[in-house]
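Here is a short briefing to read alongside the model. Look at the structure, then work through the points by topic.

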Amino acid sequence: DYVDTVQVDSVATAAAVSQSLKADTSAASAAASATAAASSGVMATLGAVHEGVQSAGKASESIMHCLEYQARAKQLEAEVREEQQARQQSEAVLKEMGEA
């Protein structure tokens, strides 16, 4: 009787331990899956951030080129105005010399 009870208790304990281990394994597996999903999400976010930074870098580079072109255009406009003024002065001097 005692041996049967011990055997039944041992089987019940073994079954309980087995169930507990299965539950722990299942929980660990779920945690690992959640961690992998979170890690994947973080990597995707980092990838998006990296792409955003690259795009921002390209945009700022384009803006710098536009500013350089704008500055060059203003410089050329100033040079054209100076040349026009010089030509007008030359024409005025020639006109005066022709009248004299």
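Where do Glu-91 and Arg-87 lie, and how many residues apart are they? Both lie in helix α1, four residues apart, about one turn of the helix. This is a predicted model: local features need pLDDT of at least 70, side-chain atom pairs count only at pLDDT 80 or more, and totals for chains, interfaces and linings use all residues. Residues are numbered from 1 along each chain as its sequence is written, and side-chain values use heavy atoms, with hydrogens and water left out.

**Overall form**
- The protein has one helix and zero strands. Helices (H or I, at least four residues) and strands (E, at least two) are DSSP runs, numbered from the N terminus.
- The radius of gyration, taken over C-alpha atoms, is 43 Å, well over the 13 Å that the globule rule gives for 100 residues, so the protein is more spread out than a compact globule. That rule is 2.2 Å times the number of residues to the power 0.38.
- Along its principal axes, the C-alpha trace spans about 145 × 10 × 5 Å.
- The C-alpha atoms of Gln-70 and Ala-56 are separated by 21 Å, with the two residues 14 apart along the chain.

**Exposure**
- Of the 100 residues, 0% count as buried. Buried means under 20% relative accessible area, exposed over 50%, and partly exposed in between (1.4 Å probe, protein chains only).
- The protein exposes about 8500 Å², and carbon and sulfur atoms supply 61% of it. Areas come from the Shrake-Rupley method with a 1.4 Å probe; for residues, only the protein chains shown count as cover.
- Met-43 has its place in helix α1 (residues 2-99). Met-43 counts as exposed because its relative accessibility is 55%.
- Gln-70 also lies in helix α1. At 44% relative accessibility, Gln-70 counts as partly exposed.

**Salt bridge**
- Side chains of opposite charge can pair when their charged atoms come close.
- The count comes to one salt bridge, meaning a side-chain nitrogen of Lys or Arg within 4 Å of a carboxyl oxygen of Asp or Glu.
- Glu-91 forms a salt bridge with Arg-87, with the closest N and O atoms 3.8 Å apart.
- Glu-91 counts as partly exposed, at 47% relative accessibility.
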